[in-house]
Amino acid sequence: MEKKILDKPFVRVYPELCKGCELCIDACPPQVLKFHEKFNSKGYHYATYIGENCTGCGICYYACPEPEAIVVYKKGYEYEGEEVA
Amino acid sequence: MASKILQKPEAFYKRYERNPSSDKKSPHYCPGCGHGNVHKFIAEALDDYNVADQTILISPVGCSVFAYYYFDTGNIQAAHGRAPAVATGIKRAHPHSIVISYQGDGDLAAIGTAEILHAANRGENITVFFVNNAIYGMTGGQMAPTTLVDQYSTTTPRGRNPHNEGYPIKVAELISQLEAPVYVERVSLHDTKNRNKARRAVRKALKNQIDNLGFSLVEILSPCTSGWKMDAVPSMKWIEENMVPQFPLGVFKDITDEVEPYERPEMDLSAQDIKKALGLEVVESESFEKPDFPNKYKNPEIKVAGFGGQGVLLLGAAMAQAGMLEDYHVSWLPSYGPEMRGGTANCHVNIRDIEVGSPMVTNPTVLIALNRPSLEKFENDVPEGGLIIYDTSLIDIEVKRTDVEVMPLPATKMADELGNTRTANMITLAAYAAYTGIFSKETLYETLNTAIKHKKFIDINKKAIDLGYEFGLKSKLS
Ligand SMILES: Cc1ncc(C[n+]2csc(CCOP(=O)(O)OP(=O)(O)O)c2C)c(N)n1
Ligand code: SF4
Ligand code: SF4
Ligand code: SF4
């Protein structure tokens, strides 16, 4: 498969693994995370990326107590297929 | 090159199969609970130093009791407050492991105060992560030793009053007063800057251990959203405004630049060496000719039961001792009431070809009953085909089971006739050995050297063994 290189940072929150604590939203310097209006199956509004201006700083990743709710992809990340989208 | 992706560290399991919950992907912690962040920082550091495979994490009692669901490391869950003691044992026995004692404030600073102080004072080369959330989280928000002055908890409903409950215990300060610890820092999770400091402290504390520098403790001010009845974001503010003034942040001690690394030599734990250290006569292990030992008697799970004072525990210990002399894997687990005499006593013994999994014996393949209550109590636990040996001089009922082998043995009477009632246990041991063929008479003689404290009693116990052995052989033939 074709290798792609990420040209701008990206952040993904897995809705089912988020407990809606808001710590990432509170900590994100450019405020590019917000609660989704939907609930996940645990009954939490989950955090979600507004889609632009993430700087890839990783602050949300370390603020989040959940082991894999948040993944931060930095600029220059190499990937294949649709991993980052 | 720094990683271009921040994602779940490898030191966590992919799925948390040990968690009985149907959700195998999310830890059990409440939303916003600081245990999650601390876990993440530890897991990340284990990845970065590439030591997860040699790490043993000791989890406490408290909300983090289930840390072993999550960390793909060696795991042991210790009794409340005892993690530093368990960590000590593990580290001493396996000096090349990285041993982490992970503890909450109830665990470390209340019930476990002695253990942490002494582990620190001994300068054990372990890493302690102390999650201070100023409350007992798991049990529902009771006061902890670290609860703040005026803080509400279910057991300080009017707020903690120093005249009633004393002042919060400052663990980092206390530990840093000791000579041995090399690194003590207090950090906090309340904002980005402090989380970064916490991450660095976690790494340093682990690195110190990897470098054999000695004891490190990191105290982490951490939110308990449920115990505090607060959402996560206000909890962070609460830490900053209320906890930090009473628990100042910073490095309280760091002598890592001054200390020499100390690598503890591997301990020699051989039987010979331990005997030598205890001043016991070191006899070259002899291998005696084995009598006929049928398969059905192999790998016995034995329960010996009687009154305290009948030598029940000694009988079990002697069996295990004899087993060791013949190079079996053995275990001996005593279990007795508070009375030294008169109460009931029993012990569990395993003598196996392979390692003993659990020392507990619930369904004994061999039951040795030295009094009537013991026979009545345990008779039905013996599996079909098992063996019951009972002292007919003291037990005036018969074995009801018909699907087991029975050896009635007047051990106490025989011992009386020999001139010492207390030899009944050795008579019983020998009768069992001869009947099943598990130990030779020579092994039993040899066993007396360690089982009998006073050398003057060895001769009479030898005679007891002769008597019992003869009885056992005769019963086998009849
Ligand atoms: C010997 C014993 N005593 C008491 C308890 C009850 N108990 C369970 S957890 C706990 C305190 C937990 O508080 P902490 O160590 O602060 O951990 P947290 O749950 O806040 O992370 C207590 C007292 C117990 N399980 N065992
Ligand atoms: S990586 Fe930084 S900028 Fe991007 S969402 Fe997370 S905190 Fe915000
Ligand atoms: S910090 Fe984690 S759990 Fe909390 S809202 Fe953000 S993604 Fe969800
Ligand atoms: S009760 Fe407190 S310490 Fe326990 S999981 Fe919930 S927030 Fe964490």
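This is a predicted model: local features need pLDDT of at least 70, side-chain atom pairs count only at pLDDT 80 or more; totals for chains, interfaces and linings use all residues.
In chain B, Ile58(B) stands opposite Ser101(B), a residue of strand β4(B).

**Strand β4 of chain B**

- Strand β4(B) covers residues 98-104, and because 7 of its 7 residues are buried, the strand is largely enclosed by the rest of the structure.
- Ile98(B), Ile100(B), Tyr102(B) and Gly104(B) point one way from β4(B), while Val99(B), Ser101(B) and Gln103(B) point the other way, and the residues of both groups are all buried.

**The pairing partners of β4(B)**

- Strand β2 of chain B, made up of residues 55-59, pairs with β4(B) in the parallel sense over 4 bridges, and it is in β4(B) that Ser101(B) faces Ile58(B) as its opposite residue.
- Strand β5 of chain B, which spans residues 127-132, also pairs with β4(B) in the parallel sense, here over 5 bridges, and Gln103(B) stands opposite Phe130(B) of β5(B).

**Chain B as a whole**

- The chain contains 17 helices and 14 strands, and its C-alpha trace spans about 80 × 50 × 45 Å along the principal axes.
- Of the 478 residues in chain B, 51% are buried, and the chain exposes about 21900 Å², of which carbon and sulfur atoms supply 52%.
- When contacts in chain B between residues at least 6 apart in sequence are considered, 65% of them join residues that are at least 24 apart.

**A sheet with strands from chains A and B**

- Three strands form an open sheet in the order β2(A)-β5(A)-β1(B), and their pairing is antiparallel.
- Within chain A, β2(A) and strand β5 (residues 70-73) run antiparallel and are joined by 4 bridges, with Val13(A) standing opposite Ile70(A) in β5(A).

**Cysteines**

- Counting pairs of cysteine sulfur atoms within 2.5 Å, the number of disulfides over all chains comes to 0.
- Cys64(A) has a relative accessible area of 8% and is therefore buried, and Cys33(B), with a relative accessible area of 9%, is buried as well, given that buried means under 20%.

Technical notes. Residues are numbered from 1 along each chain as its sequence is written. Chains are lettered from A and ligands numbered from 1 in the order in which they are written. Side-chain values use heavy atoms; hydrogens and water are left out. Buried means under 20% relative accessible area, exposed over 50%, partly exposed in between (1.4 Å probe, protein chains only). Helices (H or I, at least four residues) and strands (E, at least two) are DSSP runs, numbered from the N terminus. Two strands pair if DSSP finds at least two bridges between them. Contact means heavy atoms within 4.5 Å. Accessible areas come from the Shrake-Rupley method with a 1.4 Å probe; for residues, only the protein chains shown count as cover.
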